[in-house]
Amino acid sequence: MELSYKVENGRAVIDKVEDGDRTVVVPEELEGCPVTELGAYVLAGSDVEELHLPSRLVKIGAYAFYNCQRLKRITCSSRAVDLGTGLFAGVQTVEYLDIILFPGERSCLKELLSELRQTLRVRVREREPGGREARLIFPEYYEDSVENTPARIVSIETHGCGHRYRYCFQNRVFQYRDYDSIFPHMKVQEPEALAAELAFGRLRYPLELGETARQEYRAFLAEHWQAAGQMLIDADRLSRDQATNLEPGQLPWFVEQVLEPGAEADWSAILPAYIAMAQKAGDTEMVSWLMDYRHRRGGAGTRSRRFRL
């Protein structure tokens, strides 16, 4: 990777990145100075697939990633608040955003989400000792122009609930309660698997998750246990380039922390189904855990008792 840059007033500005690999890691410093700015068209037209931006970056120039048609994953901090126009023009492939938030500082998360209308999985990490994190999904949305010819009126119709999720901000601060309140729309407008992944992510990483939302997510996953189980078993075999908020080996947590507490689970149906799913996927480790869990429960025909965590 070759960098064209200049150092001014103790700060480094990168004007161009050339001959980059599929994974581009922009350095934190150049000549001992923090990299705070990327110039216009800095990576335009490149084959970059995964991009890591420095934590002290505050400005990205216009059309910086123009026509980067393979760009899928971005890691950055929320400090890049000065974003140029057309940042992602010609880019519809971004699927994953890993962003570090600095509490008390201005954040660029709202602007990035407004630029990316495709389904986007987001990992939010707070930059502080023992920083918390959340795993969020922002569904795709698109707009159509509908013309009423006799009245000479053109109206805009929005499809998908993704735009609702992207408005969950107050003074640039993300509002988790507003985000969680949209789930009833998510359940009816988006695919079952996507809704299950969103619900699981909020339960597994419950940053600012209220009790009402927790119970709604849990009830949805308990009702859609088949889709949720298949999703988690599939996650054990996902390749690195597949966008997901899931991590391998999460089915035991789901069974013990979501299906067991507070609901009547029909284990005579659930466990055989999960075992069959794991066997079909060749997931021997999960098959072993499920068989052991069934043994510990005293057979598949028992039903769970109600209790609170």
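Is cysteine 33 buried or exposed? Select cysteine 33: it is buried, with a relative accessible area of 13%. Buried means under 20% relative accessible area, exposed over 50%, and partly exposed in between (1.4 Å probe, protein chains only).

Before going on, note that this is a predicted model, where local features need pLDDT of at least 70, side-chain atom pairs count only at pLDDT 80 or more, and totals for chains, interfaces and linings use all residues. Residues are numbered from 1 along each chain as its sequence is written, and side-chain values use heavy atoms, leaving out hydrogens and water.

Next, pick cysteine 168. It is buried too, at 2% relative accessibility. Now look for disulfides (pairs of cysteine sulfur atoms within 2.5 Å). The structure holds zero.

Move to asparagine 171. It sits in the loop between strand S15 (169–170) and strand S16 (173–174). Helices (H or I, at least four residues) and strands (E, at least two) are DSSP runs, numbered from the N terminus. Phi of asparagine 171 is near 55 degrees, a positive value in a residue other than glycine. Most residues other than glycine have a negative phi. Asparagine 171 is exposed, at 73% relative accessible area.

Go on to glutamate 208, in the loop between helix H5 (192–204) and helix H6 (211–223). Its phi is also positive, near 55 degrees. Glutamate 208 is partly exposed, at 46%.

Finally, color by pLDDT, the predictor's confidence in each residue, from 0 to 100. The protein's mean is 90, and 89% of its residues reach 70 or more. Select residues 302–309: pLDDT stays under 50 there. The model has 24 contacts (heavy atoms within 4.5 Å) for this stretch beyond four places in sequence.
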